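The stops below are given in the order in which they may be selected.

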Amino acid sequence: MDRIDATQIPEPGLVVLDLTAPDEATAHAVMAALERLWATSGITPVRREPGMPGVRARIHADIRHTGTQPSDAPYGAEV
């Protein structure tokens, strides 16, 4: 993966997470779970690196802001 530079994490609360998982489905599930917790870059591309096990992805998150945590209200209801 590319190196992380200061422009990607210019202030406290911003993070860059490099994810390694055994398969695409697992990587997507983890990224979706993180998206429910924090404001993230969403489901990002997953890639395989020759000679390395599993798949890799990078996700950017702002842990100061909550994500898309589902509410108990029915779909379409005002909250």
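Select Arg58 to begin; this residue belongs to strand β3, where strands (E, at least two residues) and helices (H or I, at least four residues) are DSSP runs numbered from the N terminus. Arg58 is buried, its relative accessible area being 13%; buried denotes under 20% relative accessible area, exposed over 50% and partly exposed in between, with a 1.4 Å probe and protein chains only. Display its side chain together with that of Asp18: the two are joined by a polar contact of 2.6 Å. A polar contact is a pair of N or O atoms within 3.5 Å; within protein, one must be able to donate a hydrogen and the other to accept it, and residues adjacent in sequence count only if both atoms are side-chain atoms.

The model is a predicted one, in which local features need pLDDT of at least 70 and side-chain atom pairs count only at pLDDT 80 or more, while totals for chains, interfaces and linings use all residues. Residues are numbered from 1 along each chain as its sequence is written, and side-chain values use heavy atoms, with hydrogens and water left out.

Next, select Thr44, in the loop between β2 and β3. Is Thr44 buried or exposed? With a relative accessibility of 13%, Thr44 is buried. Its side chain reaches the backbone oxygen of Arg58 at 2.8 Å. Leaving aside residues up to four places away in sequence, Thr44 touches His28, Met31, Ala57, Arg58 and Ile59, a contact being heavy atoms within 4.5 Å.

Now colour the strands. Which order do the three strands take in the sheet? They form an open sheet in the order β1-β3-β2, with antiparallel pairing; two strands pair if DSSP finds at least two bridges between them. β1 and β2 stand at the edges with a single partner strand each, so one side of each has no neighbour in the sheet. From one strand to the next the twist averages 40°; axes are lines fitted to C-alpha atoms, for helices over the stretch in contact, and angles run from 0 to 180 degrees between N-to-C directions. Between β2 and β3 there are three bridges, in the antiparallel sense; to inspect a bridge, select Trp38 and its partner in β3, Thr66.

Move to helix α1, residues 24-37. Its 14 residues reach 20 Å from first C-alpha to last, close to the 20 Å expected at 1.5 Å a residue, the expected span being 1.5 Å times one less than the number of residues. Ala27, Met31 and Leu34 are buried in α1. Viewed down the axis of α1, the buried residues fall within an arc of 60°, so they line one face of the helix; the arc is that of the directions from the helix axis to the C-beta atoms. These buried residues pack against β1, β2 and β3. The helix α1 lies across β1, β2 and β3, at about 10° to β3. At its N-terminal end, select Asp23, which caps α1 with a side-chain oxygen 3.2 Å from the backbone nitrogen of Ala25.

A further stop is Thr20, in strand β1. Apart from residues up to four places away in sequence, Thr20 touches Pro53, Val55 and Arg56.

Finally, show the whole protein. Along the sequence, the pattern is β-α-β-β. Of the 79 residues, 23% are buried.
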